[in-house]
Amino acid sequence: MTERLDLRDAEWRGISTKYAVVEVGGLLIMGAILSAATAIPTFVTGIQWLAAIPISLGIIFLINIALTPRRVRAIGYMLRDDDLVFRRGLMFRRVVAVPYGRMQLVDINRGPLDRAVGLSELKFVTAAASTGVVIPGLPEQDAEELRDTLVALAESRRAGL
Amino acid sequence: MTDPHEHESVPIPEPRPEPAREPEPERELEQQLDAEQLVAPTLAEQARLLADGEWHRLHPATPFLRGGIAFLAIIGVIIVNARDIFLEMIFGGDNGFEPFDRLARAGFLVPIVLIVLLVLLLSVAGFYFSWRMHTFRITDELVEVRSGILFRTNRRGRLDRIQGINISRPIFARLFGAARLEVNVAGQDANVELAYLGSRGADDLRRAILQLASGTRAAESAEAQAPGQEHGGIVERRVSELLAPELDPNAAPPESIVRIRLPRLIGSLVFSEATVMAILVAVGIFVAITVTGRYFWLLVFLPGVLGFVGYLFSRLTRSLRYSIASTEDGIRIGYGLLSTTNETLPPGRIHAVEVSQPLMWRPAGWWEIKINTASQASSSTDTAAKTTLLPVGDLDDVHRVLQLILPSLADEQSRELLEAGLSASAHDDAYVTSPKRARALRWFSWRRNGYALISDAVALRKGAIWRSLVLVPQARMQSVSMHEGPLLRRMGLAELRVHTVAGPISATIGAMDRGDVVDFFDEVGRAAALSAGADTSHRWRSENAMKAHDAQNARAAEEVPVAAEDPVAADDPEVIL
């Protein structure tokens, strides 16, 4: 397979590898619930081939789980002079560059699984809904530092809407 | 009545005779002004008085215009009926209204009449108090509206975040000489509405607000007011207002830069995609009827027919008497025959522009221009009206409008690039286009599909059948992204998206060479950060803003990883979103 879409001279900052735990945890829970739910018809009706649905679902989730560490490694961000660059995705790669001055607000979110391993998720919001920069898997301390840095940078490079 | 204020309004372009002393509808606004101000000021002064930071009330006819007309009709019906009944009670006659007779015999008539009267009185009082409680003020910083009796609402909009000011005059309001002024700020349904104001006062008030918002000082803005005086009686004035061109002649160059003639307008509607759909549906109905022999198919499609007629009608009325002109406070777009609307978009409020050509307009060479702005209306008809900048126009019109909305594209080179962006045949030009291997994804348009930087805007050229050119000014771009999926990766392609505020235009260009996309991504990203810093259009006239931003850029250039404790930045009052 050919190389992936990427910037030429990029030094990406990765996120915490512990984020894989969060992702795997989430996928396991989702997979278990969905497989169980789709398995109900098989048990109720006794029709054998209906079991194909939960089984294939389970396989998809397992593949997903197997790929999670690579996917987590593919997430990266970079603070350049004037903009924040964010990258994610293995199959569907997405690279976004947002000038700091475009910041409307920064969110820090912590889900229950995130909290269990001490991670946070940082969301950079601009006036465009499609910007969608959400950096997951940052250690709490780093997330807060990054937020403060971003706010300071946005202050110094303030721009109109 | 002597008038000390009249002599203060200095710059009258053409000295005119004293205006006649008939009561003006705008005068009614003065009832709320302080007693010492109750001398008739000129109209422009009045706008200044309205924008003086004190609380004012709206046009006294407001309750009737905001749905009170139905109420008046109900009162009228009740009175007419009551009169008939009274006449019958006095002169006899037995063809009276049966329920009333029965009520009268049962002795309930009096309490019921009393209750009805009470309800009427309460409603009138309600209307009156809601008008009393509905006040607005305009200060140097913000426009604020308070309304409601039991449930008070208070809405403030900051002047430096104005995305547009809209004056609309529904037909009823026009008869009363009233207008609705809407100050749009960024956001979904984020508008401060002043409904209703005196019609002439609204134009002047808009100018005053724009002047406050533009960053000129209040004193200068007072001087810049050009009073527009009118003579004639109230009827004459109403008539002249109804017939007046949609552009306020004091504030704008009288002629619009684009004129849509009726044949072109009708042609554009006849050859629209909606018409094709309608014809297909009609053929479908015809076939269905001939095959089944039943006419109930007509009923099935009736709602569709109604919808289509409504759509055509709204497009037609939206485009009638269309005008677009440049004023010093931005672009002014006006349209409408009976109910008129006219909107001012200050500079730098247009986030994306799309010039597109429906298939059937190609023989005529017509184009349509749509825009994205930061303020959005929730209802779809409003959105359509707001986002269509030029309903139909030829290539010259398109260039004139583009120069107006993106002045940086006015030079010769940009014009060539724009023409290349709109033409069909230009293939080996400055646009970076899709490689040949992208043919599988862009069957007809791979030679056209491309991007370029025109002056300070990103241009994305798309489509061979439905041609369009999307322009995003770098100063308005929010972010830029590139994407690839498994298929694109295998073909060595990628997709580029430029993010702007939400609107009908999405600036996306797919199936481009990956290397090109990565280069362009870098280039656009850098350019966006630079022009975002240099942009001062939120205070488009203020020198301060310019200086502040220049200084800011210089600072940013000096110290790259800036610390939070930058004292100048923290104190800078010229902050915007």
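**Entry 1: the model.** I am working with a predicted model.

**Entry 2: strand β6 of chain B.** I looked up where β6(B) runs, and found residues 178-185. How many of its 8 residues are buried? I found 7, and I noted the strand as mostly covered.

**Entry 3: the partners of β6(B).** Next I checked which strands pair with β6(B). One partner is strand β5 of chain B, residues 162-169. The two run in the antiparallel sense, with 6 bridges between them. For a landmark, I picked N166(B), which stands opposite E182(B) in β6(B). Strand β8 of chain B, residues 191-198, also pairs with β6(B). That pairing is antiparallel too, and I noted 7 bridges. Here my landmark is A178(B), with G198(B) of β8(B) opposite.

**Entry 4: helix α14 of chain B.** I moved on to residues 412-422, which form α14(B). Which residues of this helix are buried? I listed S414(B), L417(B), L418(B), A420(B), G421(B) and L422(B). Then I asked what covers them. The cover includes strands β12 (350-357) and β13 (367-373) of chain B. It also includes helix α13 (395-405) of that chain. Strands β17 (450-454), β18 (457-462) and β19 (467-473) of chain B are among the covering elements as well.

**Entry 5: Q141 of chain A.** I found Q141(A) in helix α4 of chain A, residues 140-156. Is Q141(A) buried or exposed? Its relative accessibility is 53%, so it counts as exposed; the cut-off is over 50%. Last, I compared Q141(A) with V85(A). They are 56 residues apart in sequence. In space, their C-alpha atoms are 20 Å apart.

Conventions. Residues numbered from 1 in each chain as written. Chains lettered and ligands numbered in written order. Predicted model: local features only at pLDDT ≥ 70, side-chain atom pairs only at ≥ 80, totals over all residues. Heavy atoms only, no water. Buried < 20%, exposed > 50% of the residue type's maximum accessible area, 1.4 Å probe, protein only. Helix = DSSP H or I, 4+ residues; strand = E, 2+ residues; numbered from the N terminus. Pairing = 2+ DSSP bridges. Contact = heavy atoms within 4.5 Å.
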